[in-house]
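Me: Please show me the model, and then let us go through it by question and answer.

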Amino acid sequence: NRELVAAVLDQASARGIARVFFDSTVMVFGSSADQMPSWTTAEPAAHSFYAASKLIAGKLLAAWSAAA
């Protein structure tokens, strides 16, 4: 996920594209099915490589968006 998102953001910047859509996963907040996170206050707690890669990709997107 990280490498693909970084490549997409590089190409978007090179072409003047200012918006992208990224579909993340609730798994970045952990694996407890009985406790849904509060989206505004929850701290990420990725418990798998998949969730960690989504979390890293989300951070890349946030940094890219803030720099625009």
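Me: How many salt bridges does a search of the whole structure find?
Reply: This is a predicted model, in which local features need pLDDT of at least 70, side-chain atom pairs count only at pLDDT 80 or more, and totals for chains, interfaces and linings use all residues. Residues are numbered from 1 along each chain as its sequence is written, and side-chain values use heavy atoms, with hydrogens and water left out. A salt bridge requires a side-chain nitrogen of Lys or Arg within 4 Å of a carboxyl oxygen of Asp or Glu, and by that criterion the search of the whole structure finds one.

Me: Which residue forms a salt bridge with Arg 2?
Reply: Side chains of opposite charge can pair when their charged atoms come close. Arg 2 is partly exposed at 36% relative accessible area, where buried means under 20%, exposed over 50% and partly exposed in between (1.4 Å probe, protein chains only). With the closest N and O atoms 3.9 Å apart, its partner is Glu 3.

Me: Is Lys 54 buried or exposed?
Reply: Lys 54 lies in helix H2, residues 49–67, helices being DSSP runs of H or I with at least four residues, numbered from the N terminus. Leaving aside residues up to four places away in sequence, Lys 54 touches Asn 1, Phe 22, Asp 23, Ser 24, Thr 25 and Val 28, contact meaning heavy atoms within 4.5 Å. Its relative accessible area is 10%, so Lys 54 counts as buried.

Terms used. Helices (H or I, at least four residues) and strands (E, at least two) are DSSP runs, numbered from the N terminus.
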